[in-house]
Structures are given as structure tokens and as C-alpha cells.
Amino acid sequence: MKLTVELGCDSYPIYIENDLLNQAGSLIGEIFSGRRIMIISDDNVYPRYGEQLTRQLSADFDCHHLVLPHGEPSKNFQSLPGIYAALLEAKITRSDLIIALGGGVIGDLAGFAAATFLRGVRFVQIPTSLLAQVDSSVGGKVAVDLPQGKNLAGAFYQPKLVLIDPLVLDTLDSHFINDGMGEVIKYGCIKDAGLFGTLESCHSFTDLKEDLPAIIHRCVDIKRKVVEEDQFDTGERMLLNFGHTLGHTIEQYYHYERESHGEAVAIGMYQISKLSEDAGLTAIGTSARIRDILQAYGLPYTCGLMLSKLTQAIGVDKKNLDNHLNLILLHDIGAGYIHPATLEFFNQYRHYQI
């Protein structure tokens with residue numbers, strides 16, 4: 001299956017197919033004719049897939065690799081000097097290529113390095129986690145975290161190619177599958193009631209595995225259309241942040257050591273929907289459906305914190321513009337919308353336990 005993100009001179013193809021990793025060399029050769037390639041990966045992914053990818057590329061290109069520690073703590077400014085040093089040592093130029101081989105952390109970090117090194121080096125996304133395949137590898141958002149919050153330093157920098165091989169998910173621990181299902185459920189919530197219904201009828205990841213390429217395609221197609229309408233996140237694309245305002249602050253509160261991104265977003269989706277139901281902004285019963293589907297896919301919906309613990313972090317969230325928040329809420333399942341608000345929306349529930 002092939003999709004194309006139509007962004008004029010920044011357009012790029014997305015391929016979704018089982019065993020696609022074994023075709024990576026020929027597909028990369030179609031969009032890149034330079035000399036050197038730097039593969040940036042982590043210590044979980046590279047031992048599994050790094051040599052397989054390098055074998056395909058080394059006949060035509062001068063290949064180098066950099067392996068980073070896995071996990072969100074790597075996605076910070078302290079990692080960048082080492083990445084830049086490795087790129088310089090490999091003599092990477094603006095005519096060369098960076099490949100992000102890994103999950104969302106590697107995709108964001110390698111993409112940010114590609115966007116900023118020499119003012120821009122071409123890069124390719126090969127996402128190896130469900131979360132990265134359905135969400136973060138598409139759309140050109142690249143970033144690093146700051147101590148004050150997640151993704152606060154970043155850029156919009158589109159890849160030249162995205163290669164999605166659902167079979168690589170077979171090697172993932174179930175924890176990381178559940179993590180990605182948080183983002184899959186998000187797409188059903190904001191844009192596709194039919195997808196949400198499919199997920200409800202399957203009851204577990206095992207039940208839907210046969211249809212996984214088609215489900216990934218549906219999620220990516222939703223994101224593709226949204227990105228084409230709003231490349232720089234000033235309107236429609238904000239819908240993709242459903243659950244993220246609370247989710248990011250939960251991740252930060254626990255220093256990225258407790259809830260994973262997908263788990264935190266899951267909590268955020270349920271809790272913001274519960275609050276918006278209370279405020280009369282969402283159809284009654286919506287949060288209950290979200291809670292039930294989260295439980296079916298092994299995701300949490302509470303974290304045991306008082307909301308007052310998170311309001312300071314919400315205040316520095318990148319979606320906070322001049323003390324105004326664009327909250328992403330649901331009219332109902334499949335119908336997300338942008339609701340302008342202020343921090344008072346959360347302050348009125350500060351004694352509420354999420």
C-alpha cells in the first residue's frame with residue numbers, strides 16, 4: 001500500500017507492507033542518489049534490524065551508524081552534540097542522507113538533528129514501533145524535550161520517505177504494542193467512528209492483528225489528510241493532540257519514568273473527555289466508551305494525581321498561546337473539535353483526581 005503526502009516540493013511517499021524492510025534498499029535508492037548514509041537507531045532496535053538494513057544499502061552507499069540508548073531520556077539537548085559529532089566524523093554533507101530506524105524517540109531526535117545539522121540534511125523514517133508507524137513518523141514534527149516540558153524545542157521538517165513494515169512489530173514486547181494502541185484509538189476518537197467500532201469489536205490486539213496493515217493505513221491516511229490541510233499545526237492538525245495536553249504533563253511529572261507516551265495519552269483522552277462531559281461540551285457516555293476500549297487494550301485511564309499537580313506544566317505546554325489553550329475535545333466518538341479555553345478550565349477542577 002502506498003500513500004503520498006502532497007505538500008508541493010516537500011511531498012513524499014509512505015509505503016505500508018509486510019516484509020517491507022527487505023525492500024528498503026531499492027526504495028531508498030529511488031529517492032536518494034548521494035554517497036553517504038547515517039543510520040541513527042537505539043540499542044534495542046539496531047541489534048535486530050540494523051545489519052539487515054545496512055546489508056541492503058552498503059553495495060551502493062557508504063553507510064555509517066550511531067546507536068543511542070533507548071527511551072525518552074535520550075530525547076534531549078544533551079544527546080545532540082554527540083549526534084552532530086558522529087555526523088561530522090562520517091563526513092555527512094547536505095547531499096547525504098540520515099535514516100531514523102526506531103520508534104518515536106529516535107524518529108523525533110534523528111529528525112531534529114537532520115533539520116538542524118548544516119541547516120538541513122535529507123532524512124528517511126523507518127518506524128519500528130506501532131506508535132511511530134501510525135503517528136510520529138508522518139507529518140514532519142521533530143523535536144527534543146526540555147526540562148520544563150515535552151517537545152518544547154522542535155521544527156517542522158518533512159522526511160523524504162516513510163517505510164512501514166508491520167512485521168517488525170512481532171518482536172515488540174506487549175507493553176509497546178499497548179503503547180501504540182493509545183494513538184490508534186486516538187484516531188478513532190477524533191476522526192473515524194468506524195475505526196473505533198472496529199477496535200471495540202476486536203477486544204484485543206491479537207484479534208485485530210490480521211487486519212493490522214489496513215488499520216495502520218487508516219490511521220496514516222487520516223494523518224496524511226490532516227497534514228496536507230495544516231502542515232504547521234495552526235488549525236485542523238491540532239486535532240491530533242487529543243489527550244496530549246494532559247498526557248504530556250503526566251509524562252513530565254513522572255520524569256518520563258512511569259507512564260509511556262501512549263499510556264499517558266490514553267489517560268489524557270479519558271480524563272479530558274470526562275471533564276468535558278461534566279462541562280456539557282461532550283456527549284454523555286463518550287468517556288465511558290473510551291474507558292472501556294482502553295481497558296480492552298491494556299491501557300490505563302487514571303494515574304492517581306490531583307489535577308492541581310499538573311496545571312503549572314499545562315501553562316508552559318506548547319499549545320498554550322498567550323494564556324489561551326486550544327483544547328481538543330469530542331462532540332462524540334469520531335467527531336473531534338478545537339475548543340478555545342484558558343487555564344481556568346483546569347483550575348476549576350484542580351481538586352479532581354485523574
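Good morning. Helix H10 (244–253), H11 and strand S11 (324–332) each supply at least two residues to the lining of the largest cavity. Helices (H or I, at least four residues) and strands (E, at least two) are DSSP runs numbered from the N terminus. The model is predicted, with local features needing pLDDT of at least 70 and side-chain atom pairs counting only at pLDDT 80 or more, whereas totals for chains, interfaces and linings use all residues. Residues are numbered from 1 along each chain as its sequence is written, and side-chain values use heavy atoms, without hydrogens and water.

The largest cavity holds about 70 Å³ of space. A cavity is a set of points, on a 1 Å grid over the protein atoms alone, where a 1.4 Å probe fits but cannot get out; lining residues have an atom within 4 Å of a point. Its volume is the space filled by probe spheres set on the points, which are joined across faces, edges and corners. Of its 12 lining residues, Asn241, Gly243, Thr245, Ile272 and Ile328 lie nearest the centre.

H11 also packs against another helix. The axes of H6 (residues 174–191) and H11 (residues 261–278) come within 7 Å and cross at roughly 40°; axes are lines fitted to C-alpha atoms over the stretch in contact, with angles from 0 to 180 degrees between N-to-C directions. H6 is therefore oblique to H11, as angles under 35 degrees count as roughly parallel, over 145 as roughly antiparallel, 65 to 115 as roughly perpendicular and the rest as oblique. Contact (heavy atoms within 4.5 Å) involves residues including His175 and Asp179 of H6 and Val265 and Met269 of H11.

Key:
1 Å grid on protein atoms, 1.4 Å probe; cavity = no way out; pocket = protein on both sides within 12 Å on 5 of 7 lines; lining within 4 Å.
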